[in-house]
Amino acid sequence: MVRLAVILGLGLLVLASVNAEMTNMFAMTNTKLLTEHFAGDHYSSVFNTRRLSVEFFDYYSNVTLEDLTANSRIPSLQDLKCLADLALLSSDLSSSKFWALKMIDSWGLLPSGVLVGNWWNLGNFDECIAVDHAVTTSHSIKGKYCITKLAPAPSALPAFVLKSAVCFPASCSAANMDTMLRRLFQKLLSVEISADVQLVAEETCQTSEKKPYDGLTIFTIVMLSILGALVGLSTIIDYFFCKDERTIHPVVKAFSARANSRSLFRIVDTKANSNVIDCIHGIRCLSFIWVVYGHDYMVSATLPNINMGYLLTWINSFYSLFIKHAVYAVDSFFFLSGMLLVVIALRSMDRTKGMLNIPMMYLHRYLRLTPILAFGILFYLKILPLWSNGPLKGSVGFDDYSVCENTWYWTLLYVQNYATNNLCLSHTWYLAVDMQLYIFAPFLLICLYKWGKKAAAGIFVLMLLLAGCLFSIMVINDLSLGAGTGESMRKLYYATQTRASPYLIGILFGYFLHTNRGKDFKLNRLAALLGWLIALTLIASCLFSVYGQDTLPIVEEALYLSLTRIAWPLALCWVVFACMQGYGGLANSFLSSPLWQPLSKLSYSAYIFHKFIESLNGEMTHTSTYFSDYQVMLRFWPDFGFTILFSYLMHILIEAPFAALESLLMPTKRTSSKPDAVVEPRIPEVKAPVEESPLEEPAEATSAIPEGVIQDCPQKSSA
C-alpha cells in the first residue's frame, strides 16, 4: 500500500511524459497478475479461514510465555503482564464477558473483493480503544488497536498485502503480536513467513492513552493563546472604543480582527483604473484550487479503497491528465511572481532614478513570508497529531512531519531543496525556489533598467540555456522524472535552475508591460482570434499531447519537459495581455471577477495549511472508502472549504498582524508622485520596490507593495 501511494503521488506531480514508466508498473496489476498472486492453495487457505479473531483465540486458548516471545529470548516484565492479560481475556471470552466480546468484535475481517483491489479492513477503531476493563484498583486492561499485514502468497507484491485490524491488551507490544500472528498464519496458510516481513509495527498501534505534551507543544499552544488574546482584546477596543477607523492606534489596528477582516473583504472597484491587471486574481485562485484538487487525489490514493484496482486503470484515463498536470499551477505562480516583480520594481526605479535598496527588499520579503511558515511547521509537527484521531493516524498524508524536528531550520532559511533529502513540509520546496529566484532577480532588474532591450535579449538567452540545461541533465544522466527517485526529484523537480524558465518569461513579459504602459494595442478580430488559438493550443499541448503514450524515450521526455515549462507561461502571457487590452471576452469577465479578491488575499495562508486540512480529514477515515472522480470531488469541497476557513483564522491571527507590525517597524519613504505603471497597487501609494507575488498580498493599510508567491500553490498579492 505504501508503494502504491508513492506511485500514485508521483503520478499526480510529474508531467504526462513520464506516464509511460507508471504504465509499465501498473500494467502488472491486470487480471493475470492478480490471479497468479491469489490463486491456488494460498487463496483457498486464506479465504476458507474463519474470522481472524476467532481463529486467533481458538489457537491461543491456552497461551504461554513461549507463544509471546521469539527466538527463545528471556521474557521481560512486559511479557508477563501481556500473558496475564491475554489469559484473563481468553477466560472471559469463554464466559462471554461483554468487555472481552467487544475486544474481539473490533477485529477486522478478511476483506472481500480482493481481486478488485480491496486489501484493507479497518475493523472498529473506537470499539477497540474504548475497552477499559478494571481488574483491580491499580490495574485495568485497555484495548490496543493495530494494523496487521497478511500476504496471501509468498510472492505477493507489497501493494497486494492484505491489511486488517487487530485488538490486543495494551500491555502487549507489537513484537508480541507479531510473534503470535506469525505462528498463527504459518499454521493457517502452511507457509513459512520470512523474518524480514513485519506483520505488526508499533507505529500502526494506538491506545486511548494520550502522551503528555512536550515543551515545543506547550510553547506552540502558549504562543497561539497569546496571539488569540491580543487579537481578541484589540478587536474589542476597535469595536467598542474606536468611533473612526482612521484614529485607531496602529498596533491595535494590526491585531484587530475587525480591521483585518475589513481589509481582507474590501472589494476594489477596478473600473476607475484601467491599468489594474484584474485577471491575475482569477489566475492565482484557479491555480491554487487546481493544486488542492490534485492533492486530494493523492490523499484518496493512500486511503483504504475497496476498488483500488480501478484506481490503477484510472491513472491512464483522459481525465487523469487534468490531475497529473496540476504541476503547471506551479509554473503559473512562477510566471506571475516574475512578472509582478518587474512591473512594480521598474516603476519604482523610474521614480528613484535607478536606485534599488536590495538588502531591504530581501529583509522585507523574508519577514513577510516567514512568520506564517514558522507557525505552519509547528502546526504540522505538533498540532496535527493532537487533532487527528482514527485508525489511519499518521499514515495518511504527504510527509513524515516528524523529520521537521531535524530539518526545520533549512525550511526557514529557504534552502531545503538543496540542503536536505528529508523535506520538513514537502510543498515548501516552491518557497525555496521562489526565494532563490527572488534573490537573483534584483540583478536582472538593474540590467533591464540600464540596458533595456539588450538586457531583455540576454535574459531570453539565459532562459533558453537553462531549458537546455534541463534537457541535457535528463539525456546525459538518463534521468527520468517518472522514476520517482530522490535523485530525479532533486535534480529535475526541486532544483531552482530547472524551474527558472517560467519565472524568466514572467520577467520578460513584465518588462514588456512596463515599456508599453498606457499604450493601447489595436488588434483586428482575426489577430485576436489567432492569439487565443495559439495560447489554447499551447495549453492543450502541455495537457494532452502525451495522452495514450505508454512509454517515452528519454530524449522525447526531456524535450517534452523542457518545452512545456516554456509553453505554459507563454500561453499565460497572451491571457494576461488579452484581458488587459480588452480582448479577453468571457475569460476576462470570469478571471477579473471581484469575487476572487478575498480568496486571492488568503491564498498564501491557504497554501501553507491546505495539506494540514487534507491530512487531518484523511486520518479521520474510519471505514474503507470508494475511489471515483465524483467521490474525490465530494472530498475536495469540504477540504477546500475548511482550508479557507482555517486560512482566514490564521490570517487574522498570524499573517495580517505580523505583516502590519513589519510595516510599522520598517517604514519606507512615501512618494507623492502618482505611479504611471501598467500595474497599479491596490493601495493609495507605492512605498518600496518589493516584488508582488501571486500567493501573498500585504495588508493594504500598512504596506503599499503586495508580494510573494509560493510553491505548489499560491500566495497573495494585488496587481
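Trainee: Among contacts between residues at least 6 apart in sequence, what share joins residues at least 24 apart?

Mentor: Contact here means heavy atoms within 4.5 Å. Count the pairs at least 6 apart, then ask how many join residues at least 24 apart, and you get 77%.

Trainee: Before we go on, what sort of model is this, and how many of its residues count as buried?

Mentor: It's a predicted model, where local features need pLDDT of at least 70 and side-chain atom pairs count only at pLDDT 80 or more, while totals for chains, interfaces and linings use all residues. Residues are numbered from 1 along each chain as its sequence is written, and side-chain values use heavy atoms, with hydrogens and water left out. Buried means under 20% relative accessible area, exposed over 50%, and partly exposed in between (1.4 Å probe, protein chains only). Of the 719 residues, the buried share is 58%.

Trainee: How many helices and strands are there?

Mentor: Both are DSSP runs numbered from the N terminus: helices are H or I with at least four residues, strands are E with at least two. The count comes to 29 helices and four strands.

Trainee: In what order do the strands line up in the sheet?

Mentor: Two strands pair if DSSP finds at least two bridges between them. Strand 3 (140–150) and strand 4 (162–169) run antiparallel and are joined by eight bridges. The pairing in the open sheet is mixed, and strand 1 (120–121) and strand 2 (132–134) are the edges, each pairing on one side only. Put together, the order is 1-4-3-2.

Trainee: Which helix packs on that sheet and touches strand 2, strand 3 and strand 4?

Mentor: Angles run from 0 to 180 degrees between N-to-C directions, with axes as lines fitted to C-alpha atoms, for helices over the stretch in contact. Helix 10 (174–189) lies across strand 3 and strand 4, at about 50 degrees to strand 3. The one touching strand 2, strand 3 and strand 4, at about 95 degrees to strand 4, is helix 7.

Trainee: Is Phe627 buried or exposed?

Mentor: Phe627 is in the loop between helix 28 (596–619) and helix 29 (629–665). Leaving out residues up to four places away in sequence, it touches Tyr297, Tyr310 and Trp314, among others. Its C-alpha is 7.2 Å from that of Met308, 319 residues away along the chain. Since its relative accessibility is 1%, Phe627 counts as buried.

Trainee: How do the rings of Trp290 and Trp568 pair: stacked, edge-to-face or tilted?

Mentor: Rings of Phe, Tyr and Trp (its six-membered ring) pair if their centres lie within 6.5 Å; planes under 30 degrees apart are stacked, over 60 edge-to-face, and the rest tilted. There are 50 such pairs in the whole structure. The centres of Trp290 and Trp568 are 5.8 Å apart and the planes at 40 degrees, so the pair is tilted.

Trainee: Where do those two tryptophans sit?

Mentor: Both Trp290 and Trp568 are buried. They are 278 residues apart, with Trp290 in helix 14 and Trp568 in helix 26.

Trainee: And which residue lies over the face of Tyr438?

Mentor: A charge sits over a ring if NZ of Lys or CZ of Arg is within 6 Å of the ring centre and within 35 degrees of the ring normal. Over Tyr438, at 4.3 Å from the ring centre, lies Arg365.
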